[in-house]
Amino acid sequence: MLKIKPKQDPNSRSSILRKLNIRARITFVIVFGLTLHLILMLGVFNIYAHTYLKNNLYNHIGNIQKEIGLSLELIVDDIQMLSLRFLVNSDIYRIIGDSSIGEKDKKSRIRSLMDGIIAKNELIGDIVVITKEGARYRYVADDNIFEDPDDLLISKVNQSVLPVVGKVKHDSAGNAYIVFGQKYRNFNTGQNIGIILVYVKENSLFNLYKSAFEGIGYSYLASVNNEVISHPDKRIVGNTLLESDAFHPGKKAGYRNVSLNRQEYVLSTYSLSDRLNRFGVDWKLVSVVSRPQLFGAIDEGNRYALFLALSTFIGLLVLSFYLAAKMTEPVFNLTKKLGAIGKSGLKLMIDRKQSSDEISELENSYYAMIDRINNLIHENDEEKEKQRVMELTALQSQINPHFLYNTLDAITWTARLKKQPEIERMISALATFFRISLHKGDKHIPVEDEIRLVQSFVTVELMRFPDKFDVIYDIPEPLRKIRILKLILQPLVENAIKHGMSEKQGKGLIRIRNWQEEDYLIFEITDDGVGFRSKDNIQSNSKNVLFQSGYGLRNVDERIKLEYGAECGLTITSEPGVGTTALVRIRLESGQIS
C-alpha cells in the first residue's frame with residue numbers, strides 16, 4: 001500500500017516561539033544574537049592565543065637555550081685557554097724532566113706552578129698531569145680523593161689529536177666533575193710529555209642555567225651518548241638515560257610533549273654549536289617545562305576574556321530584559337488585568353490612563369466591565385453574609401425561652417412530687433443546657449459555662465445510655481474565665497457519643513482538654529470509639545455524616561472562622577478501631593489572659 005507522507009506544517013517552527021510570550025520572544029532574539037557574537041569573539045581569541053602566543057612561547061624557550069649555549073661555549077673556551085697556559089709553561093717541562101729533584105719536591109713545585117696558572121678559577125676542581133712514565137702530578141692535595149681517570153679515557157687521549165671529554169667523575173663528597181683531556185706536549189720542541197686532565201666542576205655548569213626556567217621547570221646537559229653531564233638532581237649525574245625514560249633527550253633537536261604522572265610537560269632539546277666538537281664537546285641542552293605553567297598566561301588570558309565576555313553578556317542580558325519589559329509592559333499589564341477578571345477580590349482599576357495607543361484604548365474598553373464585576377462580587381458577598389447571620393438567628397429563635405423554662409420547671413416539680421429522681425435530674429440538666437445555650441441571646445460565654453453546658457448534655461445522654469461511657473474534663477483554672485463563642489464544644493461531644501460510643505462494644509471514654517498555645521486557645525475532644533476512615537478533607541465534604549447532626553460540625557467550623565479568622569477553626573482526625581480526635585483552635589484577643 002502506498003503511504004502518503006504528511007505535509008510538514010510550514011508554521012511548525014514559528015509555533016515553538018508562539019508558546020512563549022512576547023517579552024520572552026524579544027528577549028530570546030536579543031540574547032541569541034549576543035550569544036552568537038560573543039562565541040565568535042571567544043573563538044577568534046582562542047585561535048589567536050593558541051597559534052601566535054604559543055609560537056612566541058616556544059621561541060622564548062629557544063632564545064633562552066641559545067643564550068645558555070653561548071655561555072657554555074665561553075666556559076669551554078676558558079678551559080681550552082687554561083690548557084694552553086699549561087702547554088706554554090716551560091717551567092713545568094723543566095721540573096718534570098729534572099731527575100735531580102726528588103719526586104715529592106717535584107709534586108710540591110708543580111702544584112705551586114699550577115696554582116699560579118689556575119689563579120683561583122672557580123670552574124676547576126682538579127688538574128692532573130700524567131707522564132709517559134706513569135708519574136702523576138695533581139693540583140689538589142693527595143688526601144683529596146678523586147675518582148681516577150679510567151684507562152679508556154687515557155687511551156683515547158693518547159690516540160686523539162683533538163681534546164677528549166671523558167665520563168663524569170666524583171670526589172669523596174659526591175660532587176661531580178667533567179674530565180677534559182688532551183695530549184701534553186712541549187710547546188717549544190713538540191716532545192710528548194704525557195697527558196693533561198682538567199676536572200671541571202659540574203656545579204659551575206649548573207649555575208649557568210639553573211635560574212632560566214625556575215618555577216616552571218628545569219634544564220640539564222647530556223652528551224651525544226645521552227650521559228647526564230649536569231642536572232638539578234645530582235643523584236643521576238653521570239648516568240646514561242634510556243629511550244624509555246620520560247625525559248630522554250631524543251635523537252633530534254626540537255620540541256615534544258611529554259606526560260608523566262598525569263602531568264603535561266614540554267621538552268625542548270637544543271644542540272650546542274658544532275664549533276665545540278673540535279674541543280671534544282658534543283652536548284645537548286634539554287629543558288623540561290611544565291605545560292600548564294608555560295601556557296598559564298594563555299589560560300589566564302582566556303579566563304579574563306571569558307570573564308569579560310560573561311560580564312558583557314550579563315550586562316547586555318539585563319539591558320535586553322529591560323528593553324523587552326519596556327516594550328511589552330502595556331501588553332503585560334493588560335494581560336494581567338484581564339486574567340484577574342472573574343476572581344474574587346478584584347482590585348479596582350485606579351491606574352487608568354488617557355488613550356495614547358491601541359493598547360491603551362483596549363484597556364479602557366474593559367474598565368466599565370471590570371468595575372461592574374467588582375460591584376457584583378461585593379454585592380454577592382454581602383448577601384451571603386446576611387443569609388448566614390439570618391440562618392443562625394432563625395435557628396436560635398425557634399424556641400421561646402420563657403415558655404421553655406416554665407415548662408421544664410413544671411416537669412421538674414412534677415417529677416419531684418412523683419418521686420422520680422432520674423426524670424428530675426434529666427429535666428434539670430436539660431433546663432441548664434437550654435438556659436446556657438440561649439443565655440439571653442449572648443454570642444460569647446465563659447469557658448466554664450461552655451463546660452457546664454456540655455456536662456448538662458452528657459447527663460441527659462447518660463440517661464439514654466447508662467454506663468456506656470465516661471467523660472474526663474481537663475480544663476486549667478486560669479483558662480475557665482475566658483469568654484469564647486458558645487455552642488462549639490457540645491456538638492463535638494454529641495458527635496463523639498453518636499458516632500463513636502453508640503456502636504462501640506463495651507464502655508468508652510471521652511476526654512476534653514484545654515490549653516493555651518501562644519496567642520491561641522486550643523480545645524481537644526478525643527474518644528476511643530469505633531472511629532472512621534475518610535480520604536477527603538472532612539471540612540470540605542458536605543456529604544460526610546459528621547456534618548449532618550445537630551448544629552452540625554460544618555456550622556461550628558464556619559462560625560469559628562467568621563468570628564476568629566480563617567486560620568482558626570475545627571480539625572478532625574480519626575482512625576478505625578482507635579477513635580476520633582477533634583481539635584478546636586481559637587485566637588485569643590490581647591488582654592484576655594496573661
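The model is a predicted one. As for salt bridges, the count comes to 18.

**β16 and its two faces**
- In a regular strand, side chains alternate between the two faces of the sheet.
- On one side of β16 sit Tyr520, Ile522, Glu524 and Thr526, and on the other Leu521, Phe523, Ile525 and Asp527; all are buried, which leaves both faces covered.

**Who β16 pairs with**
- Strand β15 (residues 508–517) runs antiparallel to β16, joined by 8 bridges.
- Across that pairing, arginine 513 stands opposite glutamate 524 of β16.
- The β15–β16 hairpin has 2 residues between the strands, and glutamate 518 takes a positive phi there, near 60 degrees.
- Strand β18 (residues 579–587) is also antiparallel to β16, again with 8 bridges.
- Phenylalanine 523 has valine 584 as its bridge partner in β18.

**Salt bridges to look at**
- Aspartate 467 and lysine 507 form a salt bridge, with the closest N and O atoms 3.1 Å apart.
- That pair links distant parts of the chain, 40 residues apart: aspartate 467 is in the loop between α12 and β13, lysine 507 in the loop between α13 and β15.
- Aspartate 467 is exposed at 59% relative accessible area, while lysine 507 is partly exposed at 42%.
- Arginine 480 meets glutamate 477 in a salt bridge at 3.4 Å, N to O; arginine 480 is partly exposed at 22% and glutamate 477 is exposed at 54%.
- Arginine 587 bridges to glutamate 589, with closest N and O atoms 4.0 Å apart.
- Glu73, Asp77 and Arg275 are tied into a salt-bridge network.

Notes: Residues are numbered from 1 along each chain as its sequence is written. This is a predicted model: local features need pLDDT of at least 70, side-chain atom pairs count only at pLDDT 80 or more; totals for chains, interfaces and linings use all residues. Side-chain values use heavy atoms; hydrogens and water are left out. Buried means under 20% relative accessible area, exposed over 50%, partly exposed in between (1.4 Å probe, protein chains only). Helices (H or I, at least four residues) and strands (E, at least two) are DSSP runs, numbered from the N terminus. Two strands pair if DSSP finds at least two bridges between them. A salt bridge is a side-chain nitrogen of Lys or Arg within 4 Å of a carboxyl oxygen of Asp or Glu.
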